[in-house]
Amino acid sequence: MTSLTLVRRIAARPSIVFEAMTTAEGVAAWYGPDDLPVVSAEMDARVGGAFRVRFRTLDGRDHEACGEFLEVVPPRRIVMSWRWAVGGDPEESGRVSRIEIELAPIAEGTEVTFTHADLSSEASEKGHAAGWTGALDKLVRHLARAAATAEKTQ
Amino acid sequence: MAIGRLTASTREQTLHRLVNYRPRDLDRIFATLSDPTRRAILARLAQEDSMTISALAEPFSIKLPAVMKHLDVLSDAGLITRSKHGRTVNVRLSPAPLRKASEWLRRYERFWSPALDRLAAHVERKEAEARAAEAKVGR
């Protein structure tokens, strides 16, 4: 199991950030990895409620993620299960991962801590068993950087 | 407003990479990288343009044939290239598969990071609207 955590400091109050994460209209404004618009979004932001977001990517493919709200604490915390229903990441096909969002009020607005947890993969499971995932990630990044620099100077 | 940071081509590649990776190639790369001696060899090669096999083997307590075996594994996975110059063999890092592995490890970061940039731009616009509305009421 692996997880990803991203932290962003945003100049908007927590209630506005919370709304953008828990309403169909809000989610339609930002979901997906590129600037193509979200195709459809349904958000029933209460514990046990479902969400479903469909988006198209620049390569013309459709992807749909769905899941259930597990915790909804306005305007502080959202936990939801996450599953690819269409497209997405074949490594995660049929698996359920977990999104945890913490909104902390700060002077300039909100600090968003966004975690995509319980991501699984054969390679990462093997890695975790051997205890080297973190070290490997670091090494691979270092090597890729070093190699990119070497290529540029050639 | 972080949207402008990504060019159209990197955005296009983002999900392409999320979706179209090659798990079998990657399994081999990760299996190859699971050995600490092989990782140490790669880390040394990352510092130098190229190294002879004897210079590479020097800091390791294992014998030369054992080092050669590790080099075979690294070479089979496409992580290094070897070239012969007279009596010496030079070893170089081969970056492409490592970049692929790095991209795969970072695929969800590549997915969510631009989305959160767009979220920030969206809610900051909403915040400005809310403040403008509040100022009107307060007047």
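Among contacts in chain B between residues at least 6 apart in sequence, what percentage join residues at least 24 apart? The share is 58%. For chain A, residues 24 or more positions apart account for 41% of the contacts with a separation of 6 or more. Both values come from a predicted model.

The predictor assigns the complex an ipTM of 0.81. The pTM is 0.71. Chain A has a mean pLDDT of 84, with 77% of its residues at 70 or more. Where pLDDT is low, the predicted coordinates should not be read in detail.

Chain B averages a pLDDT of 81, and 83% of its residues score at least 70. Residues 1-12 of chain B have a pLDDT below 50. This stretch has 16 contacts in the model beyond near neighbours in sequence. Among the elements of chain B, helix α1 (residues 8-19) has the lowest mean pLDDT, 47. The highest, 93, belongs to α5(B).

Chain A contains four helices and seven strands. From the N terminus, its elements follow the order β-α-α-β-β-β-β-β-β-α-α. The chain has 154 residues, and 45% of them count as buried. Its accessible surface is about 7200 Å². Carbon and sulfur atoms hold 51% of that surface.

Helix α1 of chain A, spanning residues 14-22, is mostly covered. Seven of its nine residues are buried. The buried set consists of Pro14(A), Ile16(A), Val17(A), Phe18(A), Ala20(A), Met21(A) and Thr22(A).

Two backbone features of chain A are next. Most residues other than glycine have a negative phi, and most peptide bonds are trans. Pro74(A) and Pro75(A) are joined by a cis peptide bond, with omega at about -10°. Pro75(A) lies in the loop between β4 (62-73) and β5 (77-86) of chain A. Asp118(A) has a positive phi, near 60°, and is a residue other than glycine. Asp118(A) sits in strand β7 of chain A, residues 109-119. Its relative accessibility is 35%, so Asp118(A) counts as partly exposed.

Chain B comprises seven helices and three strands. Along the sequence the pattern is α-α-α-β-α-α-β-β-α-α. Of its 139 residues, 42% count as buried. The chain exposes about 7600 Å². Carbon and sulfur atoms supply 51% of this area.

One helix pair of chain B was examined. Two packed helices are described by the angle between their axes and the distance between the axes. Helix α3 (residues 36-47) of chain B packs against helix α5 (residues 64-76) of chain B at an angle of about 75°. The axes are 10 Å apart. Angles of 65 to 115 degrees count as roughly perpendicular, and α3(B) and α5(B) are therefore roughly perpendicular to each other. On the α3(B) side, the contact involves Thr37(B), Arg38(B), Ile41(B) and Leu42(B). These meet His70(B), Leu71(B), Val73(B) and Leu74(B) in α5(B). The residues of this contact of α3(B) with α5(B) comprise five nonpolar, two polar and one charged.

Technical notes: Residues numbered from 1 in each chain as written. Chains lettered and ligands numbered in written order. Predicted model: local features only at pLDDT ≥ 70, side-chain atom pairs only at ≥ 80, totals over all residues. Heavy atoms only, no water. Buried < 20%, exposed > 50% of the residue type's maximum accessible area, 1.4 Å probe, protein only. Axes fitted to C-alpha atoms, helices over the stretch in contact; angles between N-to-C directions. Parallel < 35°, antiparallel > 145°, perpendicular 65-115°, else oblique. Contact = heavy atoms within 4.5 Å. Nonpolar A, V, L, I, M, F, W, Y, C, P; charged D, E, K, R; others polar. pLDDT = per-residue confidence, 0-100. Areas by Shrake-Rupley, 256 points an atom, 1.4 Å probe, with all protein chains shown as cover.
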